[in-house]
Amino acid sequence: MENSQINILIADDEKIVREGLHYIIDWEELGFCICAEAATGTEALDKIKQYQPDIVLLDIRMPNMYGTDLMEQARCDGYCGYFIILSGYSDFKYAQSALHCGASFYLTKPIDEDELTNAVLQVKEKIIESSHQEHSLHQYRQKARVMILQDLLTGAEHNPTLNYAELGLSAPIYQVVIYENYLPYANFYNFAHMLRVTNQDQRSFEHITINGQEVILLKGSFALERFNSCLHHYEIGTQKSSPLDTIFLTYGPVVSSIAQISKSYEVCTQLMQRRFFCDENQHVLSYEMLPQIDFSQSITDNNLAYSYSQNLCQFIMTCNRRRIGETLAELKKQLFICKNSVAEIKYFLADIFFQMKQYITHTYTNTEIPFLPNSTILEEIEKKSYLYEILLYFTGQFDIIIRAIGATSRESVFDDILHYIGHAYTEPLKLETIAPLFGYNSSYLGKLFSQKMGMTFNNYLDKLRIQYAIELLRTTDMKVYEVASKVGYKNVDYFHQKFKKNTNQSPAEYRKNKCVTAKTPGP
């Protein structure tokens, strides 16, 4: 406030007085600025509303309104500035009435330069002091608010005596989101820009950093709707280097009370710890993806590593890529629900590979197999950030072994992939999840699909699912949403859309007209 000018409004019906007040003292040098003038009470009220001046130099007898009445009306309208009354009358009753209405000073005309200077400087000190107090109070409230918010999220405290509505934290529904960079050293984008909502007075969401993590508390249905719109963009695929593409996020369940916010936050933190299990190009983990951890399931048992190593060795020796892929998929599911840490999982996977290496080397003593040293293998596994990367590394190494000991044509791999999809179509299949199981990266497998099948992977999967859906509609009395779930569609509206695209009929129409020959797609 010391460095900013204080605005003054001059309200007097005499033009000569208004002009004189402009030049009686050097306003600018003292830190003031005359922002406007008014010649009547009505005009003065309008100018006060328009400019909200810090100080009003007000003639006690304005045309069509007394100065005291004007002051009362301005206060009713919410004006919080200061009044200095100017009057040609020295009667004590005028001064008493003006001071009673909240005037800071009462100066008689003709105005004395020193008296006016002293009055405005004293008011200036009050304004500066008030500004400091308001700033300190605002800082204190912000700090207290951040601490209260952190306690609500972490479950440290829910105080029923606090007025959460007054703090702007009250809402009918809440949802917690935690986000971080998708790639190291990438730029963060403003979360409000991602949601495409304004957050005036923090009405839509709260943003806080806890333990180095960016935490968002969404408040109210509008903010949650905008967030769901962002999730839809992730479902259909984000553009590379777009704001959404730079972010990895987890979100907890929607809750309806302040006391339950910590539950949504706890789920988010648990999900963040499971980023290791994400698929390639996966940006989101939802509360629905949090598994029921089997605390009796541990991978520290050496017999489990031995069992997997023996099975994989047999499939490698028989060049059975399909069974290799299925075994790795089974291993992935088992690791997903085990209680072990990421470090323990990595050592478990390394143990499987080392046992395989020992068995293959001993079995094919006369075959030169380009195995890497154990230290290099362990280093490769440890530096991987995701499970799918380790599985992709494994399948690459398995392919090298198969070719070294004598393998079938690589053409048979694609048949194995089709076989796998034909049995796993009810699962949420994606190129990113299938490719590592068969030694491909997702981009190459996508191109291979288009080349060999004449359609994209997603189109092939949709046609396959719709084909099975048609069979269920023909032969069972299952409800449409049950059919959708049975063939791998989580969203029944999306199932309707895909079914109609492939058959030119809705599922209900197809069932009604099932005796009529319908267009049946085939992959």
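Five strands form an open sheet with parallel pairing, in the order S2-S1-S3-S6-S7; strands are DSSP E runs of at least two residues, helices H or I runs of at least four, numbered from the N terminus, and two strands pair if DSSP finds at least two bridges between them. The model is predicted, with local features needing pLDDT of at least 70 and side-chain atom pairs pLDDT 80 or more, while totals for chains, interfaces and linings use all residues. Residues are numbered from 1 along each chain as its sequence is written, and side-chain values use heavy atoms, without hydrogens and water.

- The edge strands, S2 (32–38) and S7 (103–108), each pair on one side only.
- S1 (residues 6–11) runs parallel to S2 and is joined to it by six bridges.
- Isoleucine 8 has isoleucine 34 in S2 as its bridge partner.

**Helices across the sheet**
- H3 (residues 41–51) lies across S1, S2, S3 (55–59) and S6 (82–87), at about 140 degrees to S2; angles run from 0 to 180 degrees between N-to-C directions of axes, which are lines fitted to C-alpha atoms, for helices over the stretch in contact.
- H4 (residues 67–76) lies across S3, S6 and S7, at about 170 degrees to S6.

**Helix pair**
- The axes of H12 (residues 342–363) and H14 (residues 387–405) come within 12 Å and cross at roughly 5 degrees.
- H12 is therefore roughly parallel to H14 (angles under 35 degrees).
- Residues in contact (heavy atoms within 4.5 Å) include Phe353 of H12 and Phe394 of H14.

Definitions and conventions
Angles under 35 degrees count as roughly parallel, over 145 as roughly antiparallel, 65 to 115 as roughly perpendicular and the rest as oblique.
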